[in-house]
Every structure is written in C-alpha cells, then in structure tokens.
Amino acid sequence: MQRTLILLKPDCLNKRVAGQVISRFEEKGYGIIASKMIQLDEPLLKEHYAHVADLPFFPDIASFMSSRPVLALVLEADGVIQGVRDLLGPTDSTVAPAGTIRGDLGTDRMMNVVHASDSPESALVEINRFFEADQICG
C-alpha cells in the first residue's frame with residue numbers, strides 16, 4: 001500500500017468542486033485515511049515550496065495558497081501516487097487533457113485545483129509535514 005498527500009487548493013474550494021475531486025479519487029478506489037482543513041502560513045509554505053521559495057514568483061504562490069484554508073487529505077492504495085498524478089493531468093491546466101481533473105476544473109499552472117505528492121519520498125515528507133501520526137487512520 002502506498003500513501004500520497006493531497007491539497008485541495010483555494011481555487012478548488014472557491015469553485016465548490018471539492019466533492020467532484022474527492023469523488024474521482026474514490027471512484028478509482030483510493031481510500032481517504034486522513035483529512036483536515038488547514039490555513040497555510042508563510043513558514044509552512046516556505047517549507048512546502050522550498051524548491052521555489054527563493055524565486056520571484058514565490059510571493060504569488062504564497063498569496064494564493066494562503067488566501068483561504070485548504071483541504072488536506074491522505075489517500076492510500078496500491079500505486080496511488082502515479083494513479084493520482086495521471087488522474088490530475090499536467091501541472092499546467094491549460095494543457096491538461098479533458099477528462100483529467102486539471103483539464104476539466106483548473107485554470108492555469110498555479111490555479112490547478114490540487115497538489116499531489118510526486119514520489120514515495122516526497123509523499124512521506126509531505127504527509128509528515130501536514131499530519132501527526134495519530135491523525136491518520138490505518
């Protein structure tokens with residue numbers, strides 16, 4: 001069994017499509033083993049986006065991601081990391097195919113509805129960043 005972190009971004013919640021996104025995950029057989037609303041602050045955003053925190057566009061990311069609470073989830077299933085990434089489509093919603101979450105619901109590269117871990121290693125780090133062990137079922 002594999003786990004991945006999901007963040008339903010502010011645009012997802014503003015558009016009121018969180019239920020559609022979660023339904024797509026559940027239809028693929030991905031179990032939700034943790035969930036919570038969380039307001040992201042600057043220290044957490046700098047840690048989560050450390051790979052771009054020194055770049056000129058980071059303030060735009062921080063402003064967007066802290067504009068309202070996000071819904072954080074941990075999904076679990078065999079092959080869930082790649083499966084979720086396939087379901088989401090490319091990061092840039094403008095090139096994501098119809099039928100993918102980002103292609104159907106996203107706007108652009110930043111307002112792309114969902115963050116998902118990209119590897120088993122990042123999933124472990126990201127899950128531990130957003131959840132305490134006792135907040136995860138299973």
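**Exercise 1.** Which residue in S3 does Leu5 stand opposite?

*Solution.* In this predicted model, begin with the strands themselves: strand S1, residues 2-8, and strand S3, residues 70-77, pair in the antiparallel sense over seven bridges. Within this pairing, the residue of S3 that stands opposite Leu5 is Val74.

**Exercise 2.** Describe the largest nonpolar core, and state which element supplies its largest share.

*Solution.* This core has 25 residues, and those touching the most other members are Ile6, Leu8, Val21, Phe25, Val84, Ile101 and Val114. At least two residues come from each of S1, H1 (10-14), H2 (18-27), S3, H5 (80-88), H6 (101-105) and S4; the largest share, five residues, is that of H5. For Ile6, the contacts beyond four places in sequence include Phe25, Leu71, Val84 and Val114. Another core, of 23 residues, lies apart from the largest one, and among its members are Leu7, Leu44, Leu45 and Met65.

**Exercise 3.** Over the face of which residue does Lys36 lie?

*Solution.* Applying the cut-off of 6 Å from the ring centre, one finds Lys36 over the face of Phe131, at 5.0 Å from the ring centre. As for aromatic pairs, with ring centres required to lie within 6.5 Å, the count comes to zero.

How values were computed:
Residues numbered from 1 in each chain as written. Predicted model: local features only at pLDDT ≥ 70, side-chain atom pairs only at ≥ 80, totals over all residues. Heavy atoms only, no water. Pairing = 2+ DSSP bridges. Helix = DSSP H or I, 4+ residues; strand = E, 2+ residues; numbered from the N terminus. Phe/Tyr/Trp six-rings, centres within 6.5 Å; stacked < 30°, edge-to-face > 60°. Lys NZ or Arg CZ within 6 Å of the ring centre and 35° of its normal. Core = buried A, V, L, I, M, F, W, Y, C linked by side-chain atoms within 4.5 Å. Buried < 20%, exposed > 50% of the residue type's maximum accessible area, 1.4 Å probe, protein only. Contact = heavy atoms within 4.5 Å.
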